[in-house]
Amino acid sequence: MIPSTIEWIDNKVKMIDQTILPHKLEFLEFTNYRDVATAIKVMNIRGAPAIGVAAAMGMALATIEYKGLPKSEFLKKMEEAAERIRSTRPTASNLFWAIDRIWKIVSSYPDNPSNLSELVIEEAKLMAQEDVNVNKNIGKNGATLLEDGDVVLTHCNAGSLATVQYGTALAPVRTAIEDGKNISVIADETRPRLQGARLTAYELQYDKIPVKVISDTSSGLIMRLGKINKVIVGTDRVTSDAVFNKIGTYLVALAAKDNNIPFYVAAPTSTLSLHETVDDVKIEQRDSLEVSNILGKVQIIPDGVECLNYAFDITPFRLVTGIITEDGVFSPEDLLKKYK
Ligand code: MRU
């Protein structure tokens, strides 16, 4: 099994450097929260659940740094740390969910920062362990949707690398294979950061799960040719009316609808933000260099031409067949009934 994406070891945050995959599997280690914030921003670590755990561990590092300070200064510094981590990426709910969860502890135990640090470290470690357990349950629930011989299309990377381990969208595939079913994956390359080509293909090959990569523009044809049985994607935020996920997901959902292919979204409950609607969510816009230059290197557009680089798009509930959480598989209507 591919190693954990992120771990807390000896008061350090250790993470796989996803910017250099699939060529090298190397780890980064951080001892201060500013470096963790930068790692989230530049996408050494990415994927909504993994970002959430990184944020919590970043906050844990901040408690170590500031635990010698008097209470009021300690709280001020912790607020600065929370703000810095919050500002890294705006779309994935898990980042804010994780900081809010840590903040509950910070704000309820302000009198002894040293003791508090231990509590925050334990909470961050617990969140990492919970993530794996939640993903295993998503796997169990989602595997019931897969039949022997199915080919699953996925977009971006919502696998082990997007979480602590095991993944969300790829969890049903992993569990169905563990149950003895013959399942294979088609991965959209996912321009511009190529998470499908670089990361999904890497982790599935690492775990000997059959995978083929296609250009983003081919998924409609591949569906029409009858080569896909189900689509499963992850999500960065689920509002009361739509699913936010990597740019290109909406087009995949439209093509799935037009070809009568079920379109499922794997979503841990930490990604649900059902008090919001699409209008409340900020979609991250990233550096245009990601579009103008392949992997920041070869320029593919004429000098002086502008690019738009929205990182996520919006798939309305009407295109979603079911949402797989750690508790079960729900239609969008039933999801709202259960969790809103
Ligand atoms: O920009 P990224 O790589 O962080 O985007 C990741 C995705 O869009 C994933 O599909 C999403 O975070 C779900 S991960 C389980």
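The legends below accompany several close-up views of this predicted model.

**View 1. The shell of residues around the ligand.** In this predicted model the ligand is surrounded by 18 residues, and the closest of them are Arg-46, Arg-89, Gln-195, Asn-245 and Lys-246. Domain 1 (6–136) and domain 2 (144–339) each contribute at least three residues to the shell, while helix H2 (48–66) and strand S9 (242–246) each provide at least two.

View 2. Ala-48 takes part through its backbone, with an N or O atom 2.9 Å from an oxygen atom of the ligand. Of the 410 Å² that the ligand exposes when taken alone, the protein buries 99%, and the space that the ligand takes up is the largest cavity.

View 3. The peptide bond from Leu-21 to Pro-22 is cis, with omega near 10°, and Pro-22 belongs to the loop between strand S2 (12–16) and strand S3 (27–30). Arg-191 and Pro-192 are also joined by a cis peptide bond, for which omega is about 0°; Pro-192 is found in the loop between strand S5 (184–188) and helix H7 (195–206).

**View 4. The backbone at Cys-156.** Cys-156, a residue other than glycine, has a positive phi value, near 65°, and Cys-156 is placed in the loop that runs between strand S4 (151–154) and helix H6 (171–178).

How values were computed
Residues are numbered from 1 along each chain as its sequence is written. This is a predicted model: local features need pLDDT of at least 70, side-chain atom pairs count only at pLDDT 80 or more; totals for chains, interfaces and linings use all residues. Side-chain values use heavy atoms; hydrogens and water are left out. A residue is near a molecule or strand if one of its heavy atoms lies within 4 Å of it. A polar contact is a pair of N or O atoms within 3.5 Å; within protein, one must be able to donate a hydrogen and the other to accept it, and residues adjacent in sequence count only if both atoms are side-chain atoms. Accessible areas come from the Shrake-Rupley method with a 1.4 Å probe; for residues, only the protein chains shown count as cover. On a 1 Å grid over the protein atoms alone, a cavity is a set of points where a 1.4 Å probe fits but cannot get out, and a pocket is an open set with protein on both sides within 12 Å along at least five of seven lines; lining residues have an atom within 4 Å of a point. A molecule sits in a cavity or pocket if more than half of its atoms lie within 2 Å of its grid points. Helices (H or I, at least four residues) and strands (E, at least two) are DSSP runs, numbered from the N terminus. Domain bounds come from an automatic or database domain assignment.
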